[in-house]
Amino acid sequence: MKNRQTLRLTEWDYRWEADYFITICTKDFKSKFGKIENGKMTLSPVGIIAELFWYQIPTFKTNISLGTYVIMPNHLHGILQVRDFSNKKDAQSLISPQIQSYNRSYSTASPKEGSISAIVRSYKSAVTKHARRLGYSFEWQPKFYDHIIRDGKDFVRIENYIDNNIENWNKDRFFK
């Protein structure tokens, strides 16, 4: 099995208490989750599966809370909130100026149990397995995007972006 490089921060433990903005895309950005019509997202069966399993994350990871999320035709955005972990840290005090400016390092380490990467990997696996079990052809892009939310202003900006994503679909970089 070959190692894939990741854009996760090597200085950061993704099990630490923080709010994480996540974007996960379908393979080749194909519109597998549904379509936007008249300003509303209509979920396909695979989109419904993706939404159901998103809601299930806190059931299996009790230290995770879900923030705002949106499922788009070919991707989803969501906020995952890590709480009450034994290695509790404060995101604002731990993120160095270099990290705050999005200076990401490459790492080839496997995701740590309970980390955001492990949670996303489990989520993607469950959606894929159940979609295929029901006869739907479905794949994800191999990687995902994350952003450690640094403060309240950043949180509000990201929440507004998520809340307005459907309305701004035709301007979205994933629009096809």
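This is a predicted model: local features need pLDDT of at least 70, side-chain atom pairs count only at pLDDT 80 or more; totals for chains, interfaces and linings use all residues.
Helix 1 (residues 45-60) packs against helix 4 (residues 116-133) at an angle of about 140 degrees. The two axes lie 9 Å apart. The crossing of helix 1 with helix 4 is right-handed. Helix 1 contributes Val46, Ile49, Ala50, Phe53, Trp54 and Ile57 to the contact, and helix 4 contributes Ile119, Tyr123, Ala126, Val127, His130 and Ala131. By class, 11 of these residues are nonpolar, one is polar and none is charged.

The largest nonpolar core has 28 residues. Tyr20, Ile24, Ile116 and Tyr123 touch the most other members. At least two residues each come from strand 1 (18-26), helix 1, strand 4 (64-71), strand 5 (75-82), helix 4 and strand 6 (140-149). Helix 4 gives the most, with six residues. A second, separate core holds 11 residues, including Val70, Ile149, Ile158 and Ile162.

Nine aromatic pairs occur in the whole structure. In one of them, Trp54 and Tyr69 are tilted, with 35 degrees between the planes and 6.4 Å centre to centre. Trp54 is in helix 1 and Tyr69 in strand 4, 15 residues apart. Trp54 is buried, at 1% relative accessible area. The ring of Trp54 also meets that of Tyr123: the centres are 5.4 Å apart and the planes at 85 degrees, so this pair is edge-to-face. Because Trp54 lies in helix 1 and Tyr123 in helix 4, the pair ties together parts 69 residues apart in sequence. Tyr123 is buried as well, at 3% relative accessibility.

Notes: Residues are numbered from 1 along each chain as its sequence is written. Side-chain values use heavy atoms; hydrogens and water are left out. Axes are lines fitted to C-alpha atoms, for helices over the stretch in contact, and angles run from 0 to 180 degrees between N-to-C directions. Helices (H or I, at least four residues) and strands (E, at least two) are DSSP runs, numbered from the N terminus. A crossing is left-handed if the near helix is turned anticlockwise from the far one by less than a right angle, and right-handed if clockwise. Contact means heavy atoms within 4.5 Å. Ala, Val, Leu, Ile, Met, Phe, Trp, Tyr, Cys and Pro count as nonpolar, Asp, Glu, Lys and Arg as charged, and the others, Gly among them, as polar. A nonpolar core is a set of buried Ala, Val, Leu, Ile, Met, Phe, Trp, Tyr and Cys residues joined through side-chain atoms within 4.5 Å. Buried means under 20% relative accessible area, exposed over 50%, partly exposed in between (1.4 Å probe, protein chains only). Rings of Phe, Tyr and Trp (its six-membered ring) pair if their centres lie within 6.5 Å; planes under 30 degrees apart count as stacked, over 60 as edge-to-face and the rest as tilted.
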